[in-house]
Protein chains: 2
Amino acid sequence: MRLIDGNLIAQEVLAEIKARVARLAPIIPHVAFIRVGEDPASVSYVTKKQKTAAEVGMQASIKVFPETVTQADLFKHIDALNADSSVHGILIQAPLPKHLSETDVFNRVASQKDVDGFGTLSIGKLVQEIPGAFAACTPAGVIELLKRSNIETTGKHAVVVGRSLIVGKPAAILLISKACNCTVTITHSQTKDLSAIVRQADIVIAAIGKPKFITADMIKPGAVVIDVGINRVADATKKNGYALIGDVDFENVSKVSSAISPVPGGVGPMTVAMLMKNTLDACERANARG
Amino acid sequence: MRLIDGNLIAQEVLAEIKARVARLAPIIPHVAFIRVGEDPASVSYVTKKQKTAAEVGMQASIKVFPETVTQADLFKHIDALNADSSVHGILIQAPLPKHLSETDVFNRVASQKDVDGFGTLSIGKLVQEIPGAFAACTPAGVIELLKRSNIETTGKHAVVVGRSLIVGKPAAILLISKACNCTVTITHSQTKDLSAIVRQADIVIAAIGKPKFITADMIKPGAVVIDVGINRVADATKKNGYALIGDVDFENVSKVSSAISPVPGGVGPMTVAMLMKNTLDACERANARG
């Protein structure tokens with residue numbers, strides 16, 4: 001069994017990004033964050049992303065709005081960032097309060113700055129395989145993990161468990177593209193005999209959001225397993241009172257799989273690295289346009 | 001074995017559309033066609049669509065450009081149609097000559113008039129399941145055939161053979177949506193052991209473009225088979241010298257399947273009907289906006 005070490009691979013990606021950023025000087029890639037409210041997970045995600053941006057030499061700015069912000073005020077700020085040529089990427093940390101339409105807010109971001117890949121146009125480009133489409137950072141990170149682990153995808157049967165808009169669907173879209181050439185099955189809560197379907201997979205992408213949902217009996221011996229789940233489970237032995245658990249029963253699945261990504265330390269660090277990559281791509285493209 | 005009669009179902013859809021069109025008077029839904037060059041198949045498709053529009057009481061206009069038209073001239077015409085509030089749908093007949101970018105031309109059509117569903121934004125909306133997204137007419141016709149034949153889709157395993165942008169991919173996107181709730185496998189030329197995969201399907205969508213590619217041994221007894229292929233095969237017994245053959249070996253597959261759509265007379269008439277439905281939807285929505 002081989003461990004797909006997301007921390008290590010993300011470091012590799014970030015080192016390459018840092019070198020590319022240095023070559024761009026005096027231009028500095030700039031990602032602008034928007035956070036609404038003080039949700040602790042959102043605060044921690046954005047802080048981590050800002051820290052990583054600084055590490056690779058990028059600029060990261062942030063604007064925090066109160067929970068009560070109106071959509072109009074949010075739009076006004078997004079419009080200003082869209083118009084600001086020193087800003088290359090814009091990320092609005094999800095989830096947003098219920099009175100705001102996430103679809104409308106994400107779609108307000110100019111397509112060429114949609115480094116989070118949540119805009120409708122970005123997803124359409126991904127389906128159409130238009131060069132330069134921004135893939136959402138988590139599914140992009142999944143693909144990068146596979147590629148950098150030298151896992152062959154062409155002709156392989158990938159089974160994606162979960163059809164969410166931010167992971168399952170874009171992961172399936174990427175895996176079926178000519179860049180990956182997988183045969184792809186996408187499953188969800190309505191799928192019958194899920195075990196039998198997952199057991200056919202050469203590559204399993206677990207993105208259900210249920211701790212240890214994927215068990216060893218569901219895995220074909222030698223399959224590759226990528227765990228996208230990040231579930232907070234109460235754990236009195238931890239300082240903060242909870243543990244992060246993946247969607248995969250790592251202990252037992254790792255005895256059957258040929259390669260597996262852990263949680264934490266798998267897809268998570270890749271998500272942050274892919275955000276940096278998308279921002280750098282956006283900056284290089286803006287620069288090429290002159 | 002039940003025949004899924006596309007002609008009959010399309011007539012049913014068109015009768016409903018005709019009634020809805022009549023209720024809109026004095027507003028008349030208007031679809032504007034653009035054809036480039038004189039490709040006989042394109043001429044015949046557009047003529048058929050114009051005829052059907054007239055039958056349901058819609059207006060159909062057409063502008064024909066020579067094979068040598070520049071993209072700028074085409075854009076000028078599309079822009080005028082976009083700005084013309086009496087036009088509700090715009091269809092540019094594919095394929096276009098090689099000097100034109102189909103992606104750019106299709107994307108020039110205003111999203112709310114993209115009744116052919118080929119625009120990047122339309123495909124993105126389909127993935128995001130945004131209400132009112134225009135699905136490309138052929139995959140939309142496939143779903144409508146299933147629905148109107150009372151074929152249960154929830155929890156069923158649909159296998160889509162072919163990953164083209166105009167059929168395979170959007171069909172898979174529709175089948176995985178909450179409106180259909182299928183488990184979906186999408187296969188293509190790189191898929192290994194295709195027969196074994198197709199044999200698992202409760203619903204087979206054949207969209208490969210190879211005559212009689214899907215044979216009886218690939219079909220699980222009782223499966224539903226929708227044949228999207230339209231292949232021209234030389235046939236001396238026909239007046240025009242060719243026969244239209246589907247991707248499915250109808251004669252033998254129909255002995256195994258529980259229901260099957262023929263070629264011709266299956267998906268073909270539904271494609272035209274769905275274009276009328278999309279145009280009518282576009283007109284009703286434009287009208288609701290006032």
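**Note on a predicted two-chain model**

1. In chain A, β7(A) and strand β8 (residues 224-227) pair in the parallel sense over four bridges, where strands are DSSP runs (E, at least two residues) numbered from the N terminus and pairing requires that DSSP find at least two bridges between the two strands. Within this pairing, I205(A) stands opposite I226(A) in β8(A).

2. The model is a predicted one, in which local features need pLDDT of at least 70 and side-chain atom pairs count only at pLDDT 80 or more, while totals for chains, interfaces and linings use all residues. Residues are numbered from 1 along each chain as its sequence is written, and chains are lettered from A and ligands numbered from 1 in the order in which they are written.

3. As to confidence, chain A averages a pLDDT (the predictor's confidence in each residue, from 0 to 100) of 97, and 100% of its residues score at least 70. For the model, the scores are ipTM 0.96 and pTM 0.97.

4. Strand β7 (residues 203-206) of chain A also runs parallel to strand β5 (residues 157-161) of chain A, to which four bridges join it, and here V161(A) stands opposite A206(A). From β7(A), I203(A) and I205(A) point one way and V204(A) and A206(A) the other way, and all are buried, that is, 20 or more other C-beta atoms, placed from the backbone, lie within 10 Å of the residue's own. In a regular strand the side chains alternate between the two faces of the sheet.

5. Chain A is divided into domain 1 (24-110) and domain 2 (137-267), with bounds that come from an automatic or database domain assignment. The C-alpha centres of these two domains of chain A lie 28 Å apart.

6. At the interface, 25 residues of chain B are in contact with 25 residues of chain A, contact meaning that the C-beta atoms, placed from the backbone, lie within 7 Å. On the chain B side, the largest share, seven residues, comes from α5(B). Because 100% of the interface residues of chain B are also interface residues in chain A, the copies meet through the same surface.

Notes. Contact = placed C-beta atoms within 7 Å. Buried ≥ 20, exposed ≤ 12 C-beta atoms within 10 Å, placed from the backbone.
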